[in-house]
Amino acid sequence: MSTDRPIVLFDLFGVIARHQRPGALGEMAALGGAPTDAFAAAYWACRRPYDAGRFSAAQYWTAVLHRLSLSARPDLIEKLRLADIDSWSRVDGQMVAYVQSLRDVAEVALLSNIPADHADAFRAAQPWLHDLDHVAFSGGIHAAKPDPAAFRHCVAALHAAPADFLFVDDREENVRAAQAVGMNGHAFTGHDELAATLQTWLPTRRPSLTARHFDAAPPPSVAVGLGWADQ
């Protein structure tokens, strides 16, 4: 079933925003005096409940530090929390502009796995988020991809049908999960491939559309980010 509404639902990291800054885990490990490999293992082992809003930042970092047999001092937790947020702060200015341009031909929404305190920082630093038709952060909706509940939240929030969505993510497992609930899916590898997919998909939703609406190259990079522009 479809309501004939084109809705492009974007992942954030790896599509519009950059993945974690290289070297960041080593820098955070040094703050606690832990080996980088051990720190990275603890960081990721505890991450899912933090992303899904079941851990607060303090609970998450306490769990990480306890895995490393380190004291969960409040001052260390705060340093790690801020360093972590900063490490995920880079966005791709070209993709931000391209996503904004799509609002001329489709509804545009966002579904990202991101803890609640990270999401607050991202919202404050990225005003373009407020222009989208819906923004769902896992820490706020208490469901992280590939949990089907995350996709169903977006369907319900936009009062749409799953078939109305094209979900764009750089992780195949998330694309498959979206398809399992009835959405269309695109595994993101770059702007050109996405534009080609949209050139095929959008006219099936809105036959009046032509390629000129959405296949142009993205505009030059713009200065956006929490602490720096990602050129």
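Both faces of strand E3 (residues 134-137) are covered. His134 and Ala136 are buried on one side, and Val135 and Phe137 are buried on the other. Buried means under 20% relative accessible area, exposed over 50%, and partly exposed in between (1.4 Å probe, protein chains only). Helices (H or I, at least four residues) and strands (E, at least two) are DSSP runs, numbered from the N terminus.

This is a predicted model: local features need pLDDT of at least 70, side-chain atom pairs count only at pLDDT 80 or more, and totals for chains, interfaces and linings use all residues. Residues are numbered from 1 along each chain as its sequence is written, and side-chain values use heavy atoms, with hydrogens and water left out.

**The sheet**

E3 belongs to an open sheet of five strands, in the order E3-E2-E1-E4-E5, with parallel pairing. Two strands pair if DSSP finds at least two bridges between them. E3 and strand E5 (184-187) are the edge strands; each pairs on one side only. From one strand to the next, the twist averages 20°. Two of the pairings are listed here.

| Strand pair | Bridges | Residues standing opposite |
|---|---|---|
| E2 (residues 107-112) and E3 | Four, parallel | Alanine 109 and histidine 134 |
| E1 and E4 (residues 165-169) | Four, parallel | Phenylalanine 10 and valine 168 |

**Helices on the sheet**

Helix H11 (residues 191-205) lies across E1, E4 and E5. H11 runs at about 170° to E4. Axes are lines fitted to C-alpha atoms, for helices over the stretch in contact, and angles run from 0 to 180 degrees between N-to-C directions. Contact means heavy atoms within 4.5 Å.

**H1 against H5**

How do helix H1 (residues 24-32) and helix H5 (residues 74-87) cross, and at what angle? Their axes come within 10 Å and cross at roughly 175°. That makes H1 roughly antiparallel to H5, a label for angles over 145 degrees. Ala24, Met28, Leu31 and Gly32 in H1 meet residues of H5 including Leu80, Ala83 and Asp84.

Arginine 21 lies in the loop between strand E1 (7-10) and H1. Arginine 21 counts as partly exposed because its relative accessibility is 21%. Arginine 21 and aspartate 84 are 63 residues apart in sequence, yet 9.6 Å apart in space, C-alpha to C-alpha.

Conventions
Parallel < 35°, antiparallel > 145°, perpendicular 65-115°, else oblique.
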